[in-house]
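Please read this structure with me, one feature at a time.

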Amino acid sequence: MSVRELVVLGTASQVPTRHRNHNGYVLLWDGEGILFDPGEGTQRQMLRASVAAHDLNRICVTHFHGDHSLGLAGVIQRINLDRVPHPVTAHYPGSGQRFFDRLRYATAYRETVDLAQAPVTADGVLADTPSYRLETAKLSHPVESYGYRVVEPDGRRMLPALLAEHGIKGPDVGVLQREGSLRGVTLDEVSEVRRGQRFAFVMDTRLCDGVHALAEGCDMLVIESTFLDEDHQLASDHGHLTAGQAAGVARDGGVRHLVLTHFSQRYADPSLFEQQARAAGFEGELTVARDLLRVPLPKRTP
């Protein structure tokens with residue numbers, strides 16, 4: 001299997017700090033790259049993280065607040081400057097088309113790349129490729145916001161004991177996988193379903209149905225935790241989550257690896273987010289994101 005990992009470019013909420021850049025996240029998945037929420041400074045953070053414009057195949061914007069989208073202008077122009085040889089597709093809330101247009105053409109430059117615009121207007125499937133299906137669900141924020149989910153198609157896991165029992169070995173295994181049956185033995189008789197990996201990206205939102213739908217059964221959930229639990233009223237008022245709320249979503253959804261990010265500048269100690277996430281009952285792998293961190297997706301379950 002090719003590399004599948006999250007590259008964290010920035011973790012700040014609303015404004016950058018001395019130690020946190022504006023948002024920016026790249027999911028590397030089997031030779032493709034999906035850039036989520038390129039805030040201001042994303043182009044420079046990509047350089048620092050050794051992520052090139054050529055690595056990008058999609059750009060997914062959750063909503064058009066500046067800390068999630070002001071880097072679009074620079075990223076789009078860099079894609080064109082570097083003459084990325086493949087098409088790049090941009091997904092973003094359709095209600096923000098005017099903001100996307102302004103950012104895409106913020107200054108003069110020469111367009112050399114096929115940048116497809118695919119605005120999001122409802123929950124559903126945005127793209128279906130051999131390697132993954134890209135899904136979206138609406139979130140709850142003062143401006144229209146959507147989360148994203150990457151789902152690998154289910155495959156098959158061959159069971160050596162059953163193959164041996166039926167006398168199937170060597171090249172015949174490949175024939176059986178391709179054809180679905182061999183000498184009266186079906187694929188179902190000697191294999192089991194291997195569940196595809198799942199990744200979800202949930203930014204600015206209150207708790208809502210969309211948050212839970214995106215997180216359900218994910219191997220990795222990247223989710224905002226702007227506030228600590230004692231500031232839950234601020235979180236609700238401004239359309240955000242607390243560390244405990246984000247962890248509760250991961251706990252209830254059976255998430256294997258939880259990545260907390262999008263921290264308010266009011267908090268200097270990131271360990272408090274981990275403490276509150278654990279106190280909420282999340283027992284899986286937990287990462288409190290920091291800028292330029294690379295986080296591999298969990299290995300497949302046996």
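Q: Which residues is glutamate 135 in contact with, leaving aside its neighbours within four places in sequence?
A: Contact means heavy atoms within 4.5 Å. Glutamate 135 touches Gly124, Val125, Leu126, Gly147, Tyr148, Arg149 and Val151 in this way. The model is predicted: local features need pLDDT of at least 70, side-chain atom pairs count only at pLDDT 80 or more, and totals for chains, interfaces and linings use all residues. Residues are numbered from 1 along each chain as its sequence is written, and side-chain values use heavy atoms, with hydrogens and water left out.

Q: Is glutamate 135 buried or exposed?
A: Buried means under 20% relative accessible area, exposed over 50%, and partly exposed in between (1.4 Å probe, protein chains only). Glutamate 135 has a relative accessible area of 17%, so it is buried.

Q: How is alanine 108 classed, buried or exposed?
A: Alanine 108 counts as exposed because its relative accessibility is 79%. Its C-alpha atom is separated by 9.2 Å from that of glutamine 77, 31 residues apart along the chain.

Q: How are two packed helices described?
A: They are described by the angle between their axes and the distance between the axes. Axes are lines fitted to C-alpha atoms, for helices over the stretch in contact, and angles run from 0 to 180 degrees between N-to-C directions. Helices (H or I, at least four residues) and strands (E, at least two) are DSSP runs, numbered from the N terminus. Here, helix α9 (residues 243-253) packs with helix α10 (residues 271-279) at about 45 degrees, the axes being 8 Å apart.

Q: Which residues make the contact between α9 and α10?
A: Ala243, Gly244 and Ala247 of α9 meet Phe273, Gln276 and Ala277 of α10.
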